[in-house]
Amino acid sequence: FGIAASLLSLGAIDFGMIVDSSVVMVENCARHLSDRVNASKTRLELIRAARKHSVIERVIVGNEAILRGDLTAAQMIPYLDRARRALKVPVSTAEPWHVWLKYPELVDHVDFITVHLLPYWEGVPIDGALKYVDYRLQQLQAAFPDKHILLGEVGWPSEGQWVKGAEPSVINESRFIREFLNYASQSRLDYSIVEAIDAPWK
């Protein structure tokens, strides 16, 4: 939307909204931080300022930055450590399931795991989508039994192109969300549905 996600979230807080993962360093900002030394100080100052807002329950530093190659796991770790030192709320970074399994050292530098489980993008047909989410979640739970897991992104698109056997449609979206909500309630999961607002650029 042309505005930093962290500023957008803090604006929502001004209206008294509870915003999950309120201060988020998203998309390419982590890469820009490595290019602009002063920018990292600015981001951390913004995070520190957010501490006075009691509605902020947790912070996510980076959105698939390792997946895209903006940062390596080794480069992400210092940002996580700095954010954890600066804040009194839990800190994490958001990555797909396979990134967490490939770089288990990340888990020692977060307070909880934020994982993106999106069967559509992995070409899983709708009939097996929920089982796929459950399978990948169980993999993470087995690998990191002492860490809380937030499903930072889970959902199904209403439009777009087929990805292998995964068909985007309103019917499939409704089916996935309905079945997932029942599953999440039974399993007492912590999650965020993607997404509340259509993103035509996707």
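## Overall make-up

A residue is called buried when its relative accessible area is under 20%, exposed when that area is over 50%, and partly exposed in between, using a 1.4 Å probe and protein chains only. By this rule, 46% of the 202 residues of the chain are buried. The model is predicted, so local features need pLDDT of at least 70 and side-chain atom pairs count only at pLDDT 80 or more, while totals for chains, interfaces and linings use all residues. Residues are numbered from 1 along each chain as its sequence is written, and side-chain values use heavy atoms, with hydrogens and water left out.

The chain holds 8 helices and 6 strands; these are DSSP runs numbered from the N terminus, with helices being H or I of at least four residues and strands being E of at least two. Along the sequence their order is α-β-α-α-β-α-α-β-α-β-α-β-α-β. A contact means heavy atoms within 4.5 Å. Of the contacts between residues at least 6 apart in sequence, 66% join residues at least 24 apart. The accessible surface of the chain is about 11,200 Å², and carbon and sulfur atoms account for 53% of that; accessible areas come from the Shrake-Rupley method with a 1.4 Å probe, and for residues only the protein chains shown count as cover.

## Helix α8

Helix α8 covers residues 170–187.

Buried residues of α8 are N172, F176, F180, Y183 and A184. They lie on the same side of α8, because they cover an arc of only 100 degrees around the axis; the arc is that of the directions from the helix axis to the C-beta atoms. Their cover includes α7, β5 (148–154) and β6 (190–193). On the face turned away from the buried side are the exposed residues V170, I171, R178, S185 and Q186. After α8 comes R188, with a positive phi near 55 degrees.

## V133 in helix α7

V133 belongs to helix α7, residues 126–143. This residue counts as buried because its relative accessibility is 0%. Leaving aside residues up to four places away in sequence, V133 touches L117, P119, L151, V154, F176, F180 and Y183. Among these, F176, F180 and Y183 are buried residues of α8. V133 and P119 are 14 residues apart along the chain, with their C-alpha atoms separated by 6.9 Å.

## A nonpolar surface patch

L181, Y191 and I193 form a nonpolar surface patch of about 210 Å². Patches are made of residues with over 30% relative accessible area and no salt bridge, joining like charges within 9 Å and nonpolar side chains (Val, Leu, Ile, Met, Phe, Trp, Tyr) within 5 Å. A salt bridge is a side-chain nitrogen of Lys or Arg within 4 Å of a carboxyl oxygen of Asp or Glu. L181 sits in α8 and counts as partly exposed because its relative accessibility is 35%.

## Positive phi in two loops

E64 has a positive phi, near 60 degrees, and is not a glycine. This residue is in the loop between β2 (59–63) and α4 (65–68) and is buried, with a relative accessible area of 17%.

K164, also not a glycine, has a positive phi of about 55 degrees. K164 is in the loop between β5 and α8 and is exposed, with a relative accessible area of 73%.
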